[in-house]
Amino acid sequence: MGKLWGGRFSKSTDVMVEEFTSSISFDHRLYRQDIKGSIAHAKMLAKCGIISKEDAGLIIEGLNGILADMEAGRFQFDIALEDIHMNIEKRLTERIGPAGGRLHTARSRNDQVALDTHIYLKEEIARIAGFIYELEQAIIETAEKHPRAIMPGYTHLQRAQPILFSHHLMTYFFMLERDFRRLRGVWESTDIMPLGAGALAGTTFPIDRQFVADELKFSRIYENSIDAVSDRDYILEFQSFASILMMHLSRLSEEIILWSSTEFSFIELDDAHCTGSSIMPQKKNPDVAELVRGKTGRVYGHLMAMLTVAKGLPLAYNKDLQEDKEGLFDTIDTVKFSLTVYAAMLRGMRLNEKNMGGALAADFSNATDMADYLVKKGLPFRQAHEVVGKCVAFCLDQGKTLLELTLDEFRQFSEMFNSDILQAIKPETCVDARNSFGGTSPAQVGQAVAAARNIMSSQ
Ligand code: ARG
């Protein structure tokens, strides 16, 4: 098969080398962006008088024909043609004749592939932003569905203080909101147009890069031709964003897995979002959460891989950079899938409010409130801490909880205890009382949910 670059070669490529160097098996994904970019390039070439209007017309018609064939699944990709760019260009020339050979004027595959990837990533960023929005929506709705459910809050996975379930869940809203803002930053770095860099040094033709940028709705143009074809930092930024996002989802996954265990029994996932065991008939496994947690590893891996690919490369383009795509594509797929499946899973999740509350009845997560009670009666906090610590030790010894102590027993530890102590250390009181800004009281969480709704409606 005659290569588009075959002129200086006297021998054909080794079949194994062809297979090894070819990227068509994965970069065929870029076909729409490649055609879009080529149409803009052809229009620019004609506008600048570099090719004739007739040739540009033929090229554009031919590219649209190829696009239609591809959409209909009628296009045969050929690994001997290496990548998506040459598959399309070769086909174009077969369709329209020599005019097809003019398309690559003032362009290299190096700036062409950079352009395609920028367009592709911008489109995917817009989609992912929508999926984040959906998940945020599902989180807010779930929080609103259970405004008063109380559960133990944990530190070190030990029961710490009573909190509202809605407060806990809304944490993830705010994490995702920062992910969303990070994604906007990635958009900014991706919204830069590389075409016109040529292979690395620019071109001898009087091109109009701004025209191409306007056609393709780019806000900026790479200012240095070598930079335009060499760097993949926008991909790295996207992968960093994705890694942080997946880390957030992975933490939520871990909690969902714990909460749906028999030991916790705080939630029940919908049957539609779980799978069974082939041997143990009783099993209902939280596979979706587990897979999201697991897939976080591969997203981190893609980030590490790309950082490593880029770290030792001399400027400008090196074939190593072809390794940017599979990781990027897989990251995009994984993030999109995880966000979507998560929104559905949260919407189908049922809360076992009785078990959540019940967990508090048997623990000491109200101990801080008991100390605060004494502080409000005038005892220094350190002393109050000591008194309550002794009460807890006494309870542990007696097999009681703090709420089960009699007033006499309380008073053995401090004269400052009065009959209002029992009211002061009920889980509901503990939660209501944490009314500092950003705290877990229903009033604060209500405001946080309202603020979240506000953020959502302004997006
Ligand atoms: N398939 C290549 C890539 O994805 C396109 C650019 C190749 N340029 C070159 N001179 N080999 O990176």
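Predicted model: local features only at pLDDT ≥ 70, side-chain atom pairs only at ≥ 80, totals over all residues.
On the side of α7, the contact is made by Y172, M175, L176, D179, R182, L183, G185, V186, S189 and T190, while α10 brings D233, Y234, E237, F238, F241, I244, L245, H248 and L252. Sorted by class, the residues of this contact of α7 with α10 comprise 11 nonpolar, four polar and four charged ones.

The axis of α10, a helix of residues 233-259, comes within 10 Å of the axis of α12, which covers residues 324-348, and the two cross at roughly 35°. The crossing of these two helices, α10 and α12, is left-handed. Here I235, Q239, A242, L245, M246 and L249 in α10 meet D324, L328, T331, V335, S338 and Y342 in α12. The contact of α10 with α12 holds eight nonpolar, three polar and one charged residues. A reader who compares the two contacts will find L245 of α10 in the one with α7 and again in the one with α12.

Helix α6 consists of residues 109-145 and helix α19 of residues 442-457, and their axes come within 11 Å and cross at roughly 155°. That angle makes α6 roughly antiparallel to α19, and α6 passes α19 in a left-handed crossing.

Which residues surround the ligand? They are S23, D27, D83, R109, N110, V113, Y317, K319, L321 and Q322. With three residues, α6 gives the most to this shell, and by class the shell has three nonpolar, three polar and four charged residues.

Two places in the backbone deserve a careful look. Most residues other than glycine have a negative phi, and most peptide bonds are trans. Against that background, the peptide bond from L315 to A316 is cis, with omega near 5°, and A316 has its place in the loop between α11 (287-311) and α12. The other site is E82, a residue other than glycine whose phi has a positive value, near 70°; E82 lies in the loop between α4 (53-71) and α5 (84-96).

Finally, the UniProt record divides part of the chain into named regions. An unreviewed UniProt entry gives the annotation "domain: Fumarate lyase N-terminal" to residues 7-301, and over these residues the chain is 60% helix and 6% strand, with its end C-alpha atoms 40 Å apart. The unreviewed entry also lists residues 364-432 as "domain: Argininosuccinate lyase C-terminal". Residues 364-432 are 65% helix and 0% strand, and the end C-alpha atoms of this span lie 17 Å apart.

Note on methods. Residues numbered from 1 in each chain as written. UniProt positions renumbered as here; feature names shortened; annotations may be inferred. Helix = DSSP H or I, 4+ residues; strand = E, 2+ residues; numbered from the N terminus. Axes fitted to C-alpha atoms, helices over the stretch in contact; angles between N-to-C directions. Parallel < 35°, antiparallel > 145°, perpendicular 65-115°, else oblique. Left-handed = near helix turned anticlockwise from the far one by under 90°. Near = placed C-beta within 6 Å. Nonpolar A, V, L, I, M, F, W, Y, C, P; charged D, E, K, R; others polar. Contact = placed C-beta atoms within 7 Å.
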